[in-house]
Amino acid sequence: MTIAAAAPRRWTKPPLIKRAWLRWTLGLGAALYLALAFGTTDVNWHRVWEGLPRGAQFIKAFFPPDFVSRWDEIVEGISETLWMTVVSTVVGIAISVPVGIGAARNIAPVPVYYVCRGILSVSRSFQEVILAIFFVKLFGFGPFAGFVTLSFATVGFYGKLLAEDIEDMDASQAEAVRATGASWLQWINFGVQPQVMPRMIGLGLYRLDINFRESAVVGIVGGGGIGATLNTSFDRYEFDSAAAIVLIIIAIVMLVEYSSGYLRRWVQ
Amino acid sequence: MLRIRGLIKRYRAGDLALNGIDLDVPDGQVMALIGPSGAGKSTVIRCINRLVEPTAGTIALNDSVITGLGASELRRARRRMGMIFQEYALVERLTVMENVLSGRLGYVGFWQSWLRKFPQSDIDEAFRLLQRVGLDHMADKRADELSGGQRQRVGICRALIQNPELLLVDEPTASLDPKTSRQIMRLIKELCAERKLSAIINIHDVMLAQMFAERIVGLKLGEVVYDGPPDGLTAEVLTSIYGEEDWSATIRKADESDEAPADNVVPFEASLPSRDRLAGLT
């Protein structure tokens, strides 16, 4: 055999960027920028040192958490937040189903597709806090503004993911239902819905989870709920009550996250 | 009686899939459509129930012209044509029963179907059909729990519960083993005989086509190049359809029984991805 006599062919992994000069320019450029960025970060170490005991005092003020003296406000805030979370998730999903179906390229006619994609991108282009500031100005302080904010944000999230799931579906299953002479709605119900349902239930629960967390943030800018209660307690320097609220929020987030994770595993 | 005249299909990309097909399928005839991949077999079938819109030509089923029907008339026309798919195309997350009953969607209203409140007669018929194919004990299983052969039998039930006048069968055996393929083809043939149904069966497997069809139509590049009895498939004919190849193992000997040994089956590109054949579904 002559194979042993042949020189071994060397192999190395091809580089991510083929052109050597571009690779080096990008690498050096990034390194230079980072160095400059760190170099120009202005940290006043003296002030940091002075601030440390104040920070420690601030943290100390949180302990022990005071659940009692503001309990009524806390209960009211939590129930408002839960109302906001559930109602906005339900309403948001209800609106996003037709929008999401319309935004699926493989089943919607072109004009409908562009309108629905437009709705989705408008809804997705603003962060919840920005939307909340806008809707609080529009509807006044209180949970209604928070509800509108979260519903609006849910449409963008859920509609986009629904549309993408429909675009990824198995076309032959849907085609088979169409071939039986089904009407459009029957086709959606029998051919499309079963294919996207498990993921959509999972995403609905996930969105419920997100909406609960966001509702606390939305409250801080005037959207009502536990966020408003939290903000008030900070404004009054009642850090022990604030600590209680934060602990309750953490507990509920953990509860929602754990149970939605469990339910999602169950529907898969 | 299905009558196809001058059927032309040109896809938007510009390629000509069908170039003037003329075909008559009398009542009760089981016809096999053979030809290489890309010859237009799937397109013919999908033009008949207009899952693919024909570019030109007319198609008529029992004197009602299908080309040119409006949306609701097309739905009524589709009820009369049962379709059986390669890779079964069952809705995997629905139960076997729901899949069979989906064949009645053209007959029931939206709310009825949405609430799964199908008429008792439909449910009786569904159970009867499932029993006929030996699957009535599986009614509440999810479709994706079944084996390939079982799924295809559910697919057959879905097509038959439409009470069709014509069966359109697209590669029914492409993903089945040789034995199950034969069982499925025999089942389709028997059911067609029981119900005096005519059928168009797209099939890659020439041996199976010869075994179970009474008429063979060979398609090449969107044109009919052979139309005749199974025995007329000589080496020259197969070469004209598929191109040069040694056909001696494929051609059925006159004295050979229907049950040829399984290892003689010639797998013509049987493993092509399904999407390639779903012509026009972009």
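**Entry 1**

Helices (H or I, at least four residues) and strands (E, at least two) are DSSP runs, numbered from the N terminus. The model is predicted: local features need pLDDT of at least 70 and side-chain atom pairs count only at pLDDT 80 or more, while totals for chains, interfaces and linings use all residues. Residues are numbered from 1 along each chain as its sequence is written, and chains are lettered from A and ligands numbered from 1 in the order in which they are written.

I then looked up the pairing, where two strands pair if DSSP finds at least two bridges between them. Strand 4 and strand 5 of chain B run antiparallel and are joined by two bridges. Ala60(B) stands opposite Val65(B) of strand 5. Strand 4 of chain B is also joined to strand 1 (residues 2-10) of chain B, by five bridges, and this pair runs antiparallel. Here Ile8(B) stands opposite Ala56(B) of strand 4.

Which residues of helix 2 (residues 71-79) of chain B are buried? I found Ala77(B), Arg78(B) and Arg79(B). A residue is buried if 20 or more other C-beta atoms lie within 10 Å of its own, exposed if 12 or fewer, and partly exposed in between, with C-beta atoms placed from the backbone. Their cover includes helix 7 (171-179) of chain A, along with strand 4 (56-61), strand 5 (64-65) and strand 6 (81-84) of chain B.

Next I examined the contact between the chains; two residues are in contact if their C-beta atoms, placed from the backbone, lie within 7 Å. Chain B supplies 26 residues and chain A supplies 20 residues. On the side of chain B that touches chain A, helix 2 of chain B gives the most, with four residues. The residues of that side divide into 12 nonpolar, seven polar and seven charged. In this count Ala, Val, Leu, Ile, Met, Phe, Trp, Tyr, Cys and Pro are nonpolar, Asp, Glu, Lys and Arg are charged, and the others, Gly among them, are polar.

**Entry 2: the nonpolar cores**

A nonpolar core is a set of buried Ala, Val, Leu, Ile, Met, Phe, Trp, Tyr and Cys residues joined through C-beta atoms within 7 Å. The largest has 114 residues, and Met31(B), Val100(B), Ala199(B) and Ile201(B) touch the most other members. Helix 6 (residues 143-167) of chain A gives the most to this core, with 13 residues. I also noted a second, separate core of 10 residues, which includes Ile74(A), Ala216(A), Ile245(A) and Ile249(A).

**Entry 3: chain A as a whole**

I counted 10 helices and zero strands in chain A. The radius of gyration of chain A (taken over C-alpha atoms) is 27 Å, well over the 18 Å that the globule rule gives for 268 residues, so chain A is more spread out than a compact globule. The globule rule is 2.2 Å times the number of residues to the power 0.38. The C-alpha atoms of chain A fill a box of roughly 85 × 65 × 40 Å along the principal axes. Buried residues are 37% of the 268 residues in chain A.

**Entry 4: Asp170(A)**

Finally, I located Asp170(A) in the loop between helix 6 and helix 7 of chain A. Why does Asp170(A) count as partly exposed? It does so because it has 16 C-beta neighbours inside 10 Å.
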